[in-house]
Amino acid sequence: MGQIAPYSQLAMLPPIREKIETIKILRQANMAAAALAELKGIAKTLPNQAMLINAIVLQEAKGSSEIENILTTQDELYKALTVNLSGISAATKEVVNYRNAIILGSSILKKQGFIRVNDIVSIQQELVNNTAGIRSTPGTVLKNDKTGEIVYTPPQDKHDILDLLSNFIIQFNHNDQDLSPLIQLAVLHYQFESIHPFYDGNGRTGRILNILYLIMNSLIDIPILYLSSYIIENKQDYYRLLNHTNKTGEWEDWILYMLKAIESTSMQTIDKISRILNLLELTIQKVQIKAPKLYTKELVELLFEQPYSKIEFVVNQLHVERKAASRYLKELEQIGILQSQKAGRETIYINIGLIEILKS
Ligand SMILES: Nc1ncnc2c1ncn2[C@@H]1O[C@H](COP(=O)(O)OP(=O)(O)O)[C@@H](O)[C@H]1O
Ligand SMILES: [Mg+2]
């Protein structure tokens, strides 16, 4: 039925329990769960959750796009979000779309408590900015970047794709009390990538679904796990292990990979959050000592919600006149917290300490 390359039938979920619950997997699942629980706890101590969501979601958007060779700089990205500039690169636009897609997914989940196939289509649409939707024309194959060799042929027939997707979404929303949700996450991510339901954006949509799955299962409260950083550092393994499971039906190495990714990124994100909290504390002290007249909690928090700030943001957040807002930002620059830069016709003020932490 319209298949252009041998398509080895992708099995429906769930896999046989023994294949996905080996001793090694169970041990690693415990470690990943502990790290993630610690991250969830630390995120709760933040005075203002919006602070982190903005910054980490943007890092994830940038990182997940980078896996697909969509490259932008932190600077261009923040500028694109802060001012209306002409000449923003296509890559930066894609990363901004990715960020909006995570936000869209989170809000759908918050409203409904579960995800439907149509929601996945909406998320992918937001991401790729077209309405092609689920594949209906055969021809999509996965190739090795370097050799051009076909490594995997996903289902080609639209009916097969839809059947597999409805099986996927049932498992996605199903809460199996005695299977670790983190093992389930690894299985789901493999399955989604192997169904490969779209012409493009499958990798990024799948990685957004990972975050939504963690939130749905109350493993984190807000979309702040920066999983893509691990995949970037271990990209060859990511492709190799997806492939290995395609070819052999063996799950262990793939699941271990995903569990390590969760453990490692949880720890990195914990570290990042504690450095951000430290900087926040220092910034509050510095403003209180060096510019006591303009200190308010809201002003300092704004500088962390919007690492690239501008007059308008201050006006909106603090309900002050433009003149006052401009003076605040200039004073914050004088005491060494912000650094100004021209962007088009506007002046933006960069929280340099925060940007350093986010970059690292
Ligand atoms: N052998 C494989 N089996 C299943 N999925 C794979 C395989 N190799 C790569 N992938 C997935 O395909 C994604 C790339 O698909 P693509 O539709 O181009 O997504 P995007 O546009 O987000 O890059 C990779 O990020 C990976 O998740
Ligand atoms: Mg692509």
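The shell around ligand 1 is made up of six nonpolar, seven polar and four charged residues. The structure is a predicted model. The domain assignment divides the protein chain into domain 1 (17–272) and domain 2 (291–359). The points below cover the ligand shell, the nonpolar core, the contact between the domains and the strand pairing.

**Ligand shell**

- Ligand 1 is surrounded by 17 residues, and the closest are Glu 68, Glu 193, Asn 202, Gly 203 and Arg 204.
- Two or more residues of this shell come from each of β2 (150–152), α8 (181–195), α9 (202–216) and α11 (235–248).

**Nonpolar core**

- The largest nonpolar core counts 87 residues. Ala 186, Trp 254, Ile 255 and Met 258 are those with the most contacts inside this core.
- Helix α12 (residues 252–290) is the element that gives the most to the core, namely eleven residues.
- The core lies between domain 1 (17–272) and domain 2 (291–359), because both give residues to it.
- Apart from neighbours within four places in sequence, Ile 255 is in contact with Ile 20, Ile 25, Ile 183 and Ala 186.
- In soluble globular proteins, nonpolar side chains tend to be buried together.

**Contact between the domains**

- The centres of domain 1 and domain 2, taken over C-alpha atoms, are 33 Å apart.
- Where the two domains touch, 13 residues of domain 1 are in contact with 14 residues of domain 2.
- On the side of domain 1 that touches domain 2, α3 (49–67) and α4 (74–82) each supply at least two residues.
- Of these elements, α3 provides the largest share of that side, with five residues.
- The side of domain 1 that touches domain 2 consists of six nonpolar, five polar and two charged residues.

**Strand pairing**

- Strand β5 (residues 346–351) pairs with strand β3 (residues 308–309) in the antiparallel sense, over two bridges. Within this pairing, Ser 309 has Tyr 349 of β5 as its bridge partner.
- Strand β4 (residues 338–343) also runs antiparallel to β5, and six bridges join the two. Ala 343 has Glu 346 in β5 as its bridge partner.
- β4 and β5 form a hairpin, with two residues between the strands. In the turn, Gly 344 has a positive phi of about 60°.

Note on methods: Residues are numbered from 1 along each chain as its sequence is written. Chains are lettered from A and ligands numbered from 1 in the order in which they are written. This is a predicted model: local features need pLDDT of at least 70, side-chain atom pairs count only at pLDDT 80 or more; totals for chains, interfaces and linings use all residues. A residue is near a molecule or strand if its C-beta atom, placed from the backbone, lies within 6 Å of it. Helices (H or I, at least four residues) and strands (E, at least two) are DSSP runs, numbered from the N terminus. Ala, Val, Leu, Ile, Met, Phe, Trp, Tyr, Cys and Pro count as nonpolar, Asp, Glu, Lys and Arg as charged, and the others, Gly among them, as polar. A nonpolar core is a set of buried Ala, Val, Leu, Ile, Met, Phe, Trp, Tyr and Cys residues joined through C-beta atoms within 7 Å. A residue is buried if 20 or more other C-beta atoms lie within 10 Å of its own, exposed if 12 or fewer, and partly exposed in between; C-beta atoms are placed from the backbone. Domain bounds come from an automatic or database domain assignment. Two residues are in contact if their C-beta atoms, placed from the backbone, lie within 7 Å. Two strands pair if DSSP finds at least two bridges between them.
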